[in-house]
Amino acid sequence: MREKTHDTQTDIQDRAILVTLVTQQIKRGSSDPEHSLEELVKLAETAGVEVLTTLTQNREKPDTKWFIGKGKAEELRLVADEMGATTAIFDQELSGAQVRNLEEMLDVKIVDRTQLILDIFAQRAGTREGNIQVELAQLSYLLPRLSGHGKNLSRLGGGIGTRGPGESKLETDRRHIRGRITDLKAQLDEVVRHRHLYRERRKKSGIIQVALVGYTNAGKSTLLRQLTDADVYVENQLFATLDPTSRTLELPNGREVILTDTVGFIQNLPHDLVAAFRATLEEVNEADLVLHVVDSSSPMRDEQMSVVDRILNDLGAAGKPTLTIYNKIDLCSPEEAYTLRSGGDSLIINAYKEADLKQLCDTIQEKLMGDTVVFALPAARGDLIALAYRTGEVIEQEVDGEEGELLRLTIQLSKQDYEVNGHRLHPYIV
């Protein structure tokens, strides 16, 4: 078969047909195939793709050569020719051989869900760390599939699936790519080291950290902006936030905490992406309180919450003190809102409603500010007195002892504060 050449213009929008395969295993799984396909539509639109139509195939298991079977692949080719599609996007991950076979039959660019998500991250990466993480994830994904992406790689700058590392890196041999991956991992290790040192400094200074986590497009960045006046990108689209953003939040009692927005999660989040972004996501492990933001209006709310819980567990952040925030309550029907519970470890809010934001801040303060403890400190130990003021909220101060050699401080101290710094004050607890 004669090798075809392809146009590489960058100003032509991808026109795609979205394809999903429903197997018995998927039907028995926790994810809903229809919802997954709807999510793929949103992902494609986020990547700047014009979605022409969707195609669903039901099989017992994937076809090893054509994934959806040769007959369905031929049907896809006819639809693509008729509609003028330039791309076929599959909701599941494809092997290099499947990409090659489908590309030869269809003569369009073949992209799978993983590659689409990686492409969106490549568009959104705005920091050196973000770029390193995205390139590392893309190269780790592409390395075992190079033999199946020949035409994709020849379309330099040709839209989704071609952004990020670029042709000059991807068309080299595997040894070069492995060397590049090793180099990127070394750079990322240095970033991790600096981040660890920064977190240690924050711990020693007694700074309380709060992390926003949740499914993509749940409203985390909106909350950060509303609570802290942060100048962050807020848009009704998937993965509007990629690089983590931290801002100072002042609680009603005047205590300041660091509030960090993190990248949103999604079902079937690529393993290589989770691995590459582990350094960023580990901010959650260091948080004193996790705010799990939920889109309460989503029909897949429970499934999305399960995805977040599963990823947090994979990151080793399960069991952290957590407050579940049911956001977008204004988009729920009265019947849907009635099923949600507020109180204890959950709260129902509208991120744009001032009264709800005040209630949220009060609840955060209540969760962070724990028991009241009385310390009797030597008046001459200015270092311990400063530590007490820095660590907790001093409610009352009283001079004690015959010659005023002791200073009694009544302090509201959270469990996290006591575990980090309390051992230095412990001998002086009354």
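Predicted model: local features only at pLDDT ≥ 70, side-chain atom pairs only at ≥ 80, totals over all residues.
**Confidence, sheets and helix packing**

Biologist: Which element has the highest confidence?

Modeller: Helices (H or I, at least four residues) and strands (E, at least two) are DSSP runs, numbered from the N terminus. Over residues 1-10, pLDDT stays under 50. Helix 8 (residues 167-170) has the lowest confidence, at a mean of 48. The highest, at 97, belongs to strand 3.

Biologist: In what order do the four strands of the parallel open sheet stand?

Modeller: Strands count as paired if DSSP finds at least two bridges between them. Strand 2 (50-58) and strand 4 (109-112) each have a single partner strand, so one side of each has no neighbour in the sheet. On average, neighbouring strands are turned by 25° against each other, direction ignored. The order is 2-1-3-4.

Biologist: What angle does the direction of helix 5 make with that of strand 4?

Modeller: Angles run from 0 to 180 degrees between N-to-C directions, and axes are lines fitted to C-alpha atoms, for helices over the stretch in contact. Helix 3 (residues 70-83) packs on the sheet against strand 1 (15-22), strand 2 and strand 3, its direction making about 165° with that of strand 2. Helix 5 touches strand 3 and strand 4 (contact means heavy atoms within 4.5 Å), and its direction makes with that of strand 4 an angle of about 85°.

Biologist: Are helix 5 and helix 6 roughly parallel or roughly antiparallel to each other?

Modeller: The axes of helix 5 (residues 113-124) and helix 6 (residues 128-142) come within 9 Å and cross at roughly 155°. Angles under 35 degrees count as roughly parallel, over 145 as roughly antiparallel, 65 to 115 as roughly perpendicular and the rest as oblique. The two helices are therefore roughly antiparallel.

Biologist: Is the crossing of helix 6 and helix 9 left-handed or right-handed?

Modeller: Helix 6 and helix 9 (residues 174-204) pack at about 145°, with their axes 10 Å apart. A crossing is left-handed if the near helix is turned anticlockwise from the far one by less than a right angle, and right-handed if clockwise. The crossing of helix 6 and helix 9 is left-handed.

Biologist: What is the bridge partner of glutamate 250 in strand 7?

Modeller: A six-strand open sheet has mixed pairing and the order 6-7-5-8-9-10. Its edge strands, strand 6 (245-250) and strand 10 (346-348), each pair on one side only. Strand 6 and strand 7 (residues 256-261) pair in the antiparallel sense over six bridges. The partner of glutamate 250 in strand 7 is glutamate 256.

Biologist: At what angle does helix 13 run to strand 8?

Modeller: Helix 13 (residues 301-314) lies across strand 5 (208-214), strand 8 (289-295) and strand 9 (322-327). Its angle to strand 8 is about 150°.

Note on methods
Residues numbered from 1 in each chain as written. Heavy atoms only, no water. pLDDT = per-residue confidence, 0-100.
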